[in-house]
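I opened the notebook to look up a few packing details. My notes follow in the order I took them.

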Amino acid sequence: MAHRRVIVWRHGRTAWNVAGRVQGQSDIPLDEVGQAQAKEAAGYLAALAPSRIVSSDLKRAASTAAALGEVAGLPVELDRRFREMDFGAREGLTWPQAWDRMPEAMQAWVDGDETKVPGSETHRQAGDRFADALRDTLDSLGRGQTLVVVAHGAVIRTGVSSFLDLPESSWRTLGGMANCNWSVLEESRYRDWSEWRLAEWNTGSLPEPVLSDDEET
C-alpha cells in the first residue's frame, strides 16, 4: 500500500470507566479486563505491520501501547499532547456528582459554554492539541507506512475531527469510542495533492479494503 495510514487506538478499560468517573488527565491504570483487552487487540493491530507507535504518556494509554509494542517489536514513544482532554474539577466525579457539586457550571457546559468548569479545557483546545501532535508525527512517516496513536475517547473524537477540519458543530456526529477499539485514517494521494479520510470508526476488527465505484483506482 503506497498511502500512509493512521490507526487511532483507545486505551483498555479502567476501574473508573466501570464506575462512570470522569478520568481526563488523572493517571488511572488499566484494570485486569483492560489489560486483557489490550493484549487481544494488539494481536490484531500487529497484523497491520505498524511502523511507529506513539502514545499518550498517561498509564492507561502507555500500558495499552506497550502490549502492541511487545508483539510488533517496536518501541513506544510517549507524547503528552495525546493526553485525554483535561476536565478540570469534573475529574474523579460521576455525572450526577458533577451536577450536585457545580450545577451552574454543568448547565453552562450542556448549553455550550465549556469555560465554567474550573481548570477544564474546551473540546476545541483539546482537539487542536491532538491534531497538531498528529501532524507533527506524520512529518516523519513515509509513504506506505502505518502509524498507531494510542490515546483516549474524548480527545480522539475531537482530535480526529480537528485533524480532518470538520466544522465544530458536527463533531458530536461521531459516536464515542469503546475501550480498546480503534479508528482508521487513510491518506488519498492524487497527482499533486493529498487528503485524509476517515476510513473506519470505533471498530474492533481489522480494516477491510473498500470495494466501491466511489473509490479512485
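I started with Pro-96. Pro-96 sits in helix α4, residues 95-101. The model is predicted, and I kept that in mind throughout. Is Pro-96 buried or exposed? Its relative accessibility is 52%. Exposed means over 50%, so Pro-96 counts as exposed. I also checked a distance from Pro-96 to Val-110, 14 residues apart along the chain. Their C-alpha atoms are separated by 13 Å.

Next I looked up the helix pair α2 and α3. Helix α2 covers residues 32-46 and helix α3 covers residues 59-72. Their axes come within 8 Å and cross at roughly 45°. The two helices are therefore oblique to each other. The crossing of α2 past α3 is right-handed. I then listed who meets whom. From α2 I noted Ala-38, Lys-39, Ala-42, Leu-45 and Ala-46. They meet Thr-64, Ala-67, Leu-68 and Val-71 of α3. Sorted by class, this contact has seven nonpolar residues, one polar and one charged.

Last, I turned to the cores. The largest nonpolar core has 33 residues. Which members touch the most others? I found Val-6, Phe-130, Leu-134 and Leu-185. At least two core residues come from each of β1 (5-10), α5 (103-111), α6 (123-138), β4 (146-151) and α7 (153-163). α6 gives the largest share, six residues. Beyond its neighbours within four places in sequence, Phe-130 contacts residues including Val-8, Arg-81, Phe-82, Val-149 and Val-160. A second, separate core holds 17 residues, among them Ala-38, Leu-48, Ala-65 and Val-184. I had already noted Ala-38 in the contact of α2 with α3.

Note on methods. Residues are numbered from 1 along each chain as its sequence is written. This is a predicted model: local features need pLDDT of at least 70, side-chain atom pairs count only at pLDDT 80 or more; totals for chains, interfaces and linings use all residues. Side-chain values use heavy atoms; hydrogens and water are left out. A nonpolar core is a set of buried Ala, Val, Leu, Ile, Met, Phe, Trp, Tyr and Cys residues joined through side-chain atoms within 4.5 Å. Buried means under 20% relative accessible area, exposed over 50%, partly exposed in between (1.4 Å probe, protein chains only). Helices (H or I, at least four residues) and strands (E, at least two) are DSSP runs, numbered from the N terminus. Contact means heavy atoms within 4.5 Å. Axes are lines fitted to C-alpha atoms, for helices over the stretch in contact, and angles run from 0 to 180 degrees between N-to-C directions. Angles under 35 degrees count as roughly parallel, over 145 as roughly antiparallel, 65 to 115 as roughly perpendicular and the rest as oblique. A crossing is left-handed if the near helix is turned anticlockwise from the far one by less than a right angle, and right-handed if clockwise. Ala, Val, Leu, Ile, Met, Phe, Trp, Tyr, Cys and Pro count as nonpolar, Asp, Glu, Lys and Arg as charged, and the others, Gly among them, as polar.
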